[in-house]
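I opened the model today to go through it piece by piece. These are my notes, in the order I looked things up.

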Amino acid sequence: MSFTQRVRTVLGALGSFLGAVLMVALEEEGYILVLIFLSVSLMLYGLRELIFYFTMARHMVDGRAALYMGIIVLDFGAFAMTITDQAGVFIALYLLGAYAFSGVIDILRALEAKKQEAGSWRLNLTEGILNLVFAIGAAVFGLLIGDMQDLTLIYASGLVYSGILKLISVFRKSAIVYIP
Amino acid sequence: MQKDFHYYATYCAARLAGYGHEEGMEICYSAQLTDWCSRTFLGRLRAPKAAATTQLQLELADARTDLLGLQDITRIWASFHFLPYDLYAKVERSTRLYRNKYRLICKPNGILVKDTLDLAKKMSEAGAAHGRGTQAVGLAMHVLADTWAHSGFAGTPSLVINNTNTWFYEILSGPDGETERPVRFRHSPSAPDDPKKGIYTNSIYQWDENSIMNLGHGRAGHLPDYSFIRYRYLPAWGEYDEILKDNPKEYWRAFCQMVYAMLFLRGKIPEFELGHYAEETVRPWAEEIHRILEKRQTDACGDWKTLGEKLAGQALEDFDLEKYTGEYLGAKEDGKDATFLGSFFLAAMAQKSMVTERIFRSGNLLAGFSVDFTQKGFRGIGDFRRLLKLFEKEGQG
């Protein structure tokens, strides 16, 4: 992991901790704040991918992936912004859906890394599976019990856990292929 | 390329170009040192950090990829390992952002190869005054040889230029003619490449334009460094046109061009011309050289060493990074530039300065800013002041 990646990962971890604190402290308003933050982040990421496509990746073999990713992520972000005035339980379900989705992505990345015999796949797979389990567990628990406070606590603990894993990955030794 | 070509094959080329044994050893030492002269090495010697010609694995792992970090990486890798082919290349309907990266793609016989050789001649003549002319020659041989091996990749982190995908096939020659098999890449720094099974290590896929994983030929692993291999693949920048890389042929060209370049540096040829090769000079050894180049092995040091010893009529010593460090550390401050390593550092700074200036002059800021000392006075990094003094001394002479 390069210095810049480490900084980015630390910021991501701090964002997770902040999200958890906001949710627990502000309850329903906390959900809305986290949703707005997620929505803005997704839209910015989508825009960045689109800019990358139109300025550079359109010349690149397989570069169209940037276009598709940009459109889809931007759409997700815009959709998230439209549900900020919905009932808390819908917002919670959306956030859990996004959380589960990121877990699936982590698992797919880990499987790809395993195929390439990269050493990092175990931690990524663990993170992905636990994210998925957290999200599904919290959704089922929240829907069955119907207690927003418990759902909030489960979701926040998931965020803290995810932040801790990010911090661990920052301090892990990383091996790269050296190019002479 | 690796030690087999940069050290032993460079020695062979130097001998064929007419250099003596001692000079040949100094030239190949300097060529190989270009792969070892990192900031860590320079720091240990308390030598100018601006003379770094490479970055080690640990240095790369911690390298910054912000604007200044990228410029630092580009200065090192574009100057010594991925010499840009055409700094004014045109790409239709492209942004400056893309064009700047595209223009750093390395290929043989670009105008910067001639500039490198002309500079090496100037530096070796300046160094010859105190018996230190071979370091610039060796360094230039490293740069020239790498333009062949690293063709098609750029010395700057870039997904859109340096990425490769699964469309990657090795071409094998056998008794039944040519066959092909898909190259299987893995990301395992500890596992050696296995040419028998066609399994090679490469850098991991990172969807990030400026990731270190997308520096140079990392995504194609060490395949460009093996002289025996022939493969076809889709370069990220090639608009879906395939490239066929025939390393035995290209390494042969690289070897013949090194001999030609060193004939020029010895003053046997008045001007270095691009696209010229000393094939006639090398022809008596052609069969043996082709045999080495085509042998399926990931390290050809043994074979090149045997050929070198045949040419030298004596044993060749192996590369020892510490060989000249004692001399450098023991020299007085004002005498360090006249030592073997001191002369190498000056040659390295001159090359880096020249390439950075050419990139900057083309309107491309990927390698940073360049200031002309002679026109605007000294405004650069302190390390380069000693280079300015050398040029001033030469001007007075």
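**Entry 1: domains of chain B**

I am working from a predicted model. I began with how chain B is divided. Domain 1 takes 3-157 + 252-396, and domain 2 takes 159-247. I then looked up the spacing: the C-alpha centres of the two domains of chain B lie 25 Å apart. Their contact takes 27 residues from domain 1 of chain B and 20 residues from domain 2 of chain B.

Which helices of domain 1 of chain B supply at least two residues each to the side that touches domain 2? I found H5 (67-80), H6 and H12 (286-294) of chain B. I also sorted that side of domain 1 by class. It has 16 nonpolar, seven polar and four charged residues.

**Entry 2: chain B against chain A**

Next I turned to the other chain. I get 40 residues of chain B in contact with 23 residues of chain A. Three elements of chain B give two or more residues to this side: helix H4 (57-61), helix H6 (96-102) and strand E3 (184-186). H4(B) has the largest share, with three residues. By class, the side of chain B that touches chain A has 17 nonpolar, 17 polar and six charged residues.

**Entry 3: the four-stranded sheet**

I looked for strand order here. The sheet is open, has four strands and runs E2-E1-E5-E6 in chain B, with antiparallel pairing. Why does one side of E2 and of E6 lack a neighbour in the sheet? Strands E2 (177-182) and E6 (243-246) of chain B stand at the edges with a single partner strand each, so one side of each is left without a neighbour. The twist averages 25° from one strand to the next.

I followed one pair in detail. Strand E5 (residues 230-233) of chain B pairs with E6(B) in the antiparallel sense, over four bridges. Tyr233(B) has Ile243(B) in E6(B) as its bridge partner. Helix H10 (residues 247-265) of chain B lies across E5 and E6 of chain B. H10(B) runs at about 60° to E6(B).

**Entry 4: H1 with H13**

Then I went to the helices. Helix H1 (residues 3-16) and helix H13 (residues 301-312), both of chain B, pack at an angle of about 20°, with axes 9 Å apart. That angle makes H1(B) roughly parallel to H13(B), because angles under 35 degrees count as roughly parallel. Their crossing is left-handed.

From H1(B), the contact residues include Tyr8(B), Tyr11(B) and Arg15(B). From H13(B), they include Trp304(B), Leu307(B) and Leu311(B). By class, I count nine nonpolar, one polar and four charged residues in this contact.

**Entry 5: H7 with H15**

Last, I checked a second pair. Helix H7 (residues 111-128) and helix H15 (residues 340-361) of chain B pack at about 150°, with axes 10 Å apart. The crossing of H7(B) and H15(B) is right-handed.

Which residues does H7(B) bring to the contact? They are Leu112(B), Asp115(B), Thr116(B), Leu119(B), Met123(B) and Gly127(B). Among those from H15(B) are Ala347(B), Met354(B) and Arg358(B). This contact divides into seven nonpolar, four polar and two charged residues.

Methods:
Residues are numbered from 1 along each chain as its sequence is written. Chains are lettered from A and ligands numbered from 1 in the order in which they are written. This is a predicted model: local features need pLDDT of at least 70, side-chain atom pairs count only at pLDDT 80 or more; totals for chains, interfaces and linings use all residues. Axes are lines fitted to C-alpha atoms, for helices over the stretch in contact, and angles run from 0 to 180 degrees between N-to-C directions. Angles under 35 degrees count as roughly parallel, over 145 as roughly antiparallel, 65 to 115 as roughly perpendicular and the rest as oblique. A crossing is left-handed if the near helix is turned anticlockwise from the far one by less than a right angle, and right-handed if clockwise. Two residues are in contact if their C-beta atoms, placed from the backbone, lie within 7 Å. Ala, Val, Leu, Ile, Met, Phe, Trp, Tyr, Cys and Pro count as nonpolar, Asp, Glu, Lys and Arg as charged, and the others, Gly among them, as polar. Domain bounds come from an automatic or database domain assignment. Two strands pair if DSSP finds at least two bridges between them.
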